[in-house]
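Dear colleague,

Please find below the structure that I am handing over to you. My notes on what was found in it follow directly after.

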Amino acid sequence: MQRRRFLKQSLAGSVLLGCGTQTMAREPRAVSSGGTSSEPLRTCGVTEPNIEGPFFRARAPFRGREGSPHDASLLGEGMRGRAMHLRGIVRDTDCRPVAGAMIEVWHADHDGAYDNDGFDFRARLRTADDGRYRLHTIVPGHYRVGDGFRPAHIHAKIHVPGRPVLTTQLYFPDDPYNESDPFIRASLIMNTTSSAEGLLAEFDFTA
Ligand code: FE
């Protein structure tokens, strides 16, 4: 009897789990006798929002490399700055990767200036079937706000169908202005490592 119930739960679990890489991370919830649960097995907290700021421009171009909208490059001729390569996954609140989620990114150039006439350092991306995205750009510069400077940051909007748009910003560890910035949140600091190709950064969104 016990064994049969265990098998039943395992099967129910595998149907609900659906996608490969998340399976190991989930623990099936105990099912009360005779009942089935449609609740998710695990929930992911939504990424902390952060202010939009004054420089957002809608309808930036898709800049997918080789026609892949999940792998975008903002790099162009004559752009100065340290190369950075950001990658990550967009998940929903059930922790499932979201295919085809739209990401809008915008950031300042090496000197801390936004392109408010054109679309330099602005793009839209779409996540791949496994929820992944990649962005190739430069580390943004600092810009003055009031008496101080904002730490380097990348603005982002995440559009997951059926969910409110998530507007947030990503920050860099060890930026000299992190400590004085009123907007930065610890949960929005990317994981970074240096490499010969530039800075490698990772950030997963939940929206
Ligand atoms: Fe900004």
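The second largest pocket has a volume of about 200 Å³. A pocket here is an open set of points on a 1 Å grid over the protein atoms alone, with protein on both sides within 12 Å along at least five of seven lines, and lining residues have an atom within 4 Å of a point. Grid points are joined across faces, edges and corners, and a volume is the space filled by probe spheres set on the points. Of the 13 lining residues, Arg82, Val139, Phe172, Pro173 and Asp175 are the closest to the centre of this pocket. By class, its lining comprises 7 nonpolar, 3 polar and 3 charged residues; Ala, Val, Leu, Ile, Met, Phe, Trp, Tyr, Cys and Pro count as nonpolar, Asp, Glu, Lys and Arg as charged, and the others, Gly among them, as polar.

Please note that this is a predicted model, in which local features need pLDDT of at least 70 and side-chain atom pairs count only at pLDDT 80 or more, while totals for chains, interfaces and linings use all residues. Residues are numbered from 1 along each chain as its sequence is written, and side-chain values use heavy atoms, with hydrogens and water left out.

The structure also holds 1 cavity of 30 Å³ or more, a cavity being a set of points where a 1.4 Å probe fits but cannot get out. The volume of the largest cavity is about 40 Å³. Its lining consists of Phe56, Arg57, Ala60, Glu104, Val105, Trp106, Arg122, Ala123 and Arg124. Strands β4 (102-106) and β5 (122-126) are the elements that give two or more residues to this lining; strands are DSSP runs of E, at least two residues, numbered from the N terminus. The lining of the largest cavity has 5 nonpolar and 4 charged residues, but no polar ones.

Turning to the metal site, the iron ion has as protein donors Tyr114 (OH), Tyr143 (OH), His153 (NE2) and His155 (NE2), at 2.0 to 2.1 Å. Donors are N, O and S atoms within 2.8 Å of the metal (3.2 Å for Na, K and Ca); water is not among the atoms, so sites may look incomplete. The spacing of the donor residues in sequence is Y-x28-Y-x9-H-x1-H. Both His153 and His155 are buried, that is, under 20% relative accessible area with a 1.4 Å probe and protein chains only.

Yours sincerely

Key:
Buried means under 20% relative accessible area, exposed over 50%, partly exposed in between (1.4 Å probe, protein chains only). Helices (H or I, at least four residues) and strands (E, at least two) are DSSP runs, numbered from the N terminus.
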